[in-house]
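The sequence and the model come next, and the sections after them go through the parts in turn.

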Amino acid sequence: MKILNLIKKYGEKEVVNNVTLEVPKGKITSFIGPNGAGKSTLLSMLSRLIQSNHGEIWIGNKEISQWKDNDLARHLSILRQSNHLDIRLTVEELVSFGRFPHSFGKLNDLDRMKIKQAMQYMKLTEMKNSFVNELSGGQRQRAFIAMTLAQDTEHILLDEPLNNLDMKHGVEIMKILRKLADEMGKTILLVIHDINFASCYSDHLVAMVNGKVVASGSPNEIIKQEVLQGIYDLDFNIREVNNKKICVYY
């Protein structure tokens, strides 16, 4: 995926300001930065949920505007930051929605296998008949992530996927994403606020401030005191644990 001179304005305010990036294929790229930096808006443009004012997004050898909706949905999936349901669905029914770009509502054996695998990945098999609106916030988040995984796309975009999750389930999800990249070659883009999860599980970090990319590189290049202080305006103490950089900032 390549992003060229991408701009998004709301009125006179540029919330994404001339962003140019190349997203590494088959890797985890995490977008970090303070609230209001433009991270979620950028992710929404990459999935064509909102239109840019200027710039290009290339997926494979086609600019995003050239993709047909169903073809794009078979190559790229996104989980937005807020998910609400007004209808009563079981976990299995929700996860099966991820197969719609492939099955158009007529599930075959491959679809059922992908649905089953996604629920197993997210440890939801035992609650497949539970209603989504009766789940805890963390369980509901895992169900929506399972729906995204069932879509089985090359590109997976997740906007703050660790919302409502406790530490255990946050770790489990990051390990699953790491496995999807390493073993299945998925290209994963995350908006994430936990700097230590970003440091320990990402291949590539993109830091945004006020709509602009201010730093981009490997965790070793970005997780540095002077770089992070410029991004967050906060004092950081960087420690190394098991060859991973951990930020202490409390």
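## Terms and basis

Contact, or touching, means heavy atoms within 4.5 Å. Helices (H or I, at least four residues) and strands (E, at least two) are DSSP runs, numbered from the N terminus. The model is a predicted one, in which local features need pLDDT of at least 70 and side-chain atom pairs count only at pLDDT 80 or more, while totals for chains, interfaces and linings use all residues. Residues are numbered from 1 along each chain as its sequence is written, and side-chain values use heavy atoms, with hydrogens and water left out.

## Residue S96

S96 is part of helix α3, which covers residues 91-96. Residues up to four places away in sequence aside, S96 touches L107 and I115. S96 counts as buried because its relative accessibility is 18%; buried means under 20% relative accessible area, exposed over 50%, and partly exposed in between (1.4 Å probe, protein chains only).

## The sheet

Six strands make up an open sheet of mixed pairing, in the order β6-β7-β8-β3-β9-β10. Its edge strands are β6 and β10 (212-217), each of which pairs on one side only; two strands pair if DSSP finds at least two bridges between them. From one strand to the next, the twist averages 15°. Angles such as this run from 0 to 180 degrees between N-to-C directions, and axes are lines fitted to C-alpha atoms, for helices over the stretch in contact.

L79 has L158 of β7 as its bridge partner.

## Helix α6

Helix α6 spans residues 137-150 and has 14 residues. From its first C-alpha to its last it reaches 20 Å, close to the 20 Å expected at 1.5 Å a residue; the expected span is 1.5 Å times one less than the number of residues. Just after α6, D152 has a positive phi of about 55°.

How many of the 14 residues of α6 are buried? Eleven are, so the helix is mostly covered. Among the buried residues are G138, Q141, F144, M147 and A150. The buried residues of α6 pack against β6 (76-79), α3, α5 (109-121), β7 (155-159) and α7 (167-184).

## Helices α6 and α7

Two packed helices are described by the angle between their axes and the distance between the axes. For α6 and α7 the angle is about 5° and the axes are 12 Å apart. That makes α6 roughly parallel to α7, since angles under 35 degrees count as roughly parallel, over 145 as roughly antiparallel, 65 to 115 as roughly perpendicular and the rest as oblique. R142, I145 and L149 of α6 make the contact with H169, I173, I176 and L180 of α7.

By class, this contact has five nonpolar, one polar and one charged residues. Ala, Val, Leu, Ile, Met, Phe, Trp, Tyr, Cys and Pro count as nonpolar, Asp, Glu, Lys and Arg as charged, and the others, Gly among them, as polar. Helix α7 also lies across β3 (28-32), β7 and β8 (187-191), running at about 150° to β8.

K9 lies in strand β1, residues 2-10. Its relative accessible area of 38% makes K9 partly exposed. Beyond residues up to four places away in sequence, K9 touches E14 and N53. N5 also lies in strand β1, and at 36% relative accessibility N5 counts as partly exposed.

S40 is located in helix α1, which covers residues 39-46. With a relative accessible area of 22%, S40 is partly exposed. Apart from neighbours within four places in sequence, S40 is in contact with Q81, D159 and V191. S40 and I115 are 75 residues apart in sequence, and their C-alpha atoms are 27 Å apart in space.

## Positive phi values

Most residues other than glycine have a negative phi, and most peptide bonds are trans. N5 has a positive phi, near 50°. F104 also has a positive phi, near 55°. F104 is placed in the loop between α4 (100-103) and α5, and at 44% relative accessibility F104 counts as partly exposed.
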